[in-house]
Each structure stands twice: as C-alpha cells, then as structure tokens.
Amino acid sequence: MTSSTRILWLLVLLSAVLELCADLLPEASRDAISSLVADELHAPEVTQEYLDNIETRLLQMFGLSRRPRPRSKAAIPEYILQLYQEHLRNPEEAGMFHNTRDGTTHASNTIRSFFAGGDGEASPDGRLSFDVLNIPCDEHLAGSELRVYRQALPAHAGDTRVRVNVYETVQPPPPTSGAADDDDIIERLVDTRLIDVNATGWESFDVSPAVRQWTHRPRDNHGLRVEVTSAHGRRLDAAHPHRQHVRLRRSASSDDAAAWRRHQPFLVAFTDDGRRSFGGRRAKRQTERGRRRNRRKGSHKNNCRRHNLYVDFRDVGWDDWIVAPPGYQAFYCKGDCPFPLADHLNSTNHAIVQTLVNSVSPAAVPRACCVPTDLSPISMLYLDEHEKVVLKNYQDMVVEGCGCR
C-alpha cells in the first residue's frame, strides 16, 4: 500500500470518526481536527511526520497513547473470543455486562485480559502475579475475575469435591533464600468455591477487591494465591490427585506450548470509560420505520440519505494489532434537504422552519444539513500498547439513519 493510499484512508477514517463522535470531543479538539483534515487534504506532499500526526490523533480517539506494535501473534483467550462473537450477534447492546457471584450486574464497555507473569504458571505454592498497570486510572472497574481451567479426574471412590480458595497477598514473603514462615505472610480471602473434580471446564473467581486495590495502589500488588483443599478445608499434599484437577502449572508429561496457552490461568478486568449510551434499541426501531416510509414514498436520488463507507483496517495499516473485525461498514450521510421537507427525510420541526425561512430568504439562514440521526456501536478486539488483549465497545461508530437537521 502506497503512502498516498494510506493517507487517504486515514483521512477518511478521521473525518468519519469526527462526524460520528463529535459529541464526545471537546470543542477545541473538534476544531483542531477539522482544520487538520481541511488543510492536509490539499497538502502538496505526504511526509512521514504528517502521516504520524494523523495517526496519533486517530489513536487518541480510540483511547490509545501510541500505535500498538505487537512483536508476535498474541494468544487470545477463548473466553474473550466468545464474548466478541456474542456482541456481534447482539450489536444493539449498549455495553458489555459482567455477572458477579451475588447476581449483581455491572455495565462496562471494555474487557482486558492478563496472563500471569513469567511463563504463566503459578509457583509451587499456587502464587500468581498479574501486571494490571495498563488499566487507565480514569476508567471505572466494574468487576474482575480470575479464570482457571479444571480437568476431570478419573472416577474413584471417596469425596469428589474440592474447595478452591483464592487469596490476595497483602504482605508477601520476605526476600530470603530460605522457606518463609507462614507468620511472615499476610493474606486475605477474596473468593472460595466447592467444585466437582469429575467436571471439565473453566471456573471463575471474583477478585474485584484485589484488582481495585492494585489499580489505586500499584505498590500493593503482590499477586494472588490459589489453594486447593479437601471439601472440609484439609490441606492436600502436592502429590494428591485432587491438586492436579485445577490447572495452575504446566504438565511436563502432556502439555505442549499450544495446549498450555489454551488452559493457563488468566485475569479478566471489566471497566467502563463513561462513553456509553442507552438509546440504541429505540433509535434502531425509529430508523427502521423511517426506512420503510422512504421505500413506500420513494425519494430523489440526490436527497439526504445514507451512503456506503467501508473502513478496511488493512488499508489503514492497522491489521497487525486489530484482531477483529478486519473492517466495518461505517456509512455516511449526504444529500439535499430541499423545500418542502418530506416526511421520509426524518426532519425536526426546527429543520422544517429553517428550510422554510431559507426558501424565502436564502441569505438569512442556510438550508438544513444532512447529518446522522441514529448511530450504533461496534466491538473491536485488539492488542493495546502493552500487548494486552482488549475487547472494547465503541459507541456511535455506524450510521443507522440520516436526516435533515
């Protein structure tokens, strides 16, 4: 892809995002971006500095401080992929939702996943560390889960249940070469659950209190410890088969690298940046009614209507860090708002009055403008600047309806 082609796509995307997300941007930012687009569309030459300036402004709109440049193909947790597919099937949902153990529902629009530090394995005593520094401090943490995989054990006599306890390490063991005394370690229980060793699948534990503490005080992040005991709380030695039910460490005998990546424990954080709206379904119904009126009455081809605008992330040069979708149909609004305004042009009373005055005195006021009236979100799955997997719901990205306003 040539520089001129790439810059064209960047400018188209920048203009589209400016139109769709204008309400989310300060007036000074809108003016600066509009001026940039107007000036640079007629730039005599494309320079790398100019290209980087456009890209930086676009990335800021997406909440990124710099362009992600992943060094290798990232492992995407199957759970995150399932959430992405679920939101593709339900595009009208205003945000993403997280159900905690007590049944409370918290709304969020961003989901981040974190693998444990090092090789992703727990220490022999079950300790896991997670670097959550890339969670923005201005985002509200709606919830957080530790997800661990459990492999069914062969049927045997005796109790088939184990208890899994998850502790936050408040005071870690001292940095000594010898074994630490339990009295030197301070922990607090954040979640516990009885599970059946005959079942295979993922188990989630609510660790929101710990992660919330870490986001406010990063120095207090000493990780988590997962403990597997008998159903009655009796400690199990390392060789006990029930300890192997919960996959915290890689099995040297059976796990290859790919299998371990699929089953290693990971942390999920659900956050909200405040950029959500809740009128999607009603707006969608109103848009569909408007389209039906349009089809029944017909409209002049030059009148205000929706046009195709497909944004291909490969053409923009972002396909190395955006996992899905490969692109999306943004659409745009263009066309005349002639006097008198017909019903199918989805006009407001103000636009009707403005058009009437314009028909009498064109110099007094301009015609009403063809603009987006209904917008819907898209979900994007990508790698951020820290190569962490992020699933984010961006509001007002797709034009659903146009009208004269």
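**Charged pairs**

Modeller: Let's begin with Glu 168, which is buried at 3% relative accessibility. Keep in mind that this is a predicted model.

Biologist: OK, which side chain does Glu 168 meet in a salt bridge?

Modeller: Arg 188, with 2.5 Å from N to O. That pair links distant parts of the chain: Glu 168 belongs to strand 6 (residues 161–171) and Arg 188 to strand 7 (residues 186–196), 20 residues apart.

Biologist: And Arg 188, is that buried or partly exposed?

Modeller: Partly exposed, at 35% relative accessibility.

Biologist: Switching topic: how many salt bridges does the structure hold?

Modeller: It holds 16. One of them pairs Lys 392 with Glu 139, where the closest N and O atoms are 4.0 Å apart. Those two are 253 residues apart, with Lys 392 in strand 18 (residues 389–404) and Glu 139 in the loop between strand 4 (127–128) and strand 5 (140–150).

Biologist: What's the relative accessibility of Lys 392? And of Glu 139?

Modeller: Lys 392 has 5% and counts as buried. Glu 139 has 13% and counts as buried too, because the cut-off for buried is under 20%.

Biologist: Fine. What does Arg 217 form a salt bridge with?

Modeller: Asp 220, and the closest N and O atoms there are 2.7 Å apart. Asp 220 is partly exposed, with a relative accessible area of 23%.

Biologist: Last one: which residues do salt bridges with shared partners join into one network?

Modeller: Asp 125, Arg 127, Glu 187, Arg 225 and Glu 227.

Terms used: Residues numbered from 1 in each chain as written. Predicted model: local features only at pLDDT ≥ 70, side-chain atom pairs only at ≥ 80, totals over all residues. Heavy atoms only, no water. Helix = DSSP H or I, 4+ residues; strand = E, 2+ residues; numbered from the N terminus. Buried < 20%, exposed > 50% of the residue type's maximum accessible area, 1.4 Å probe, protein only.
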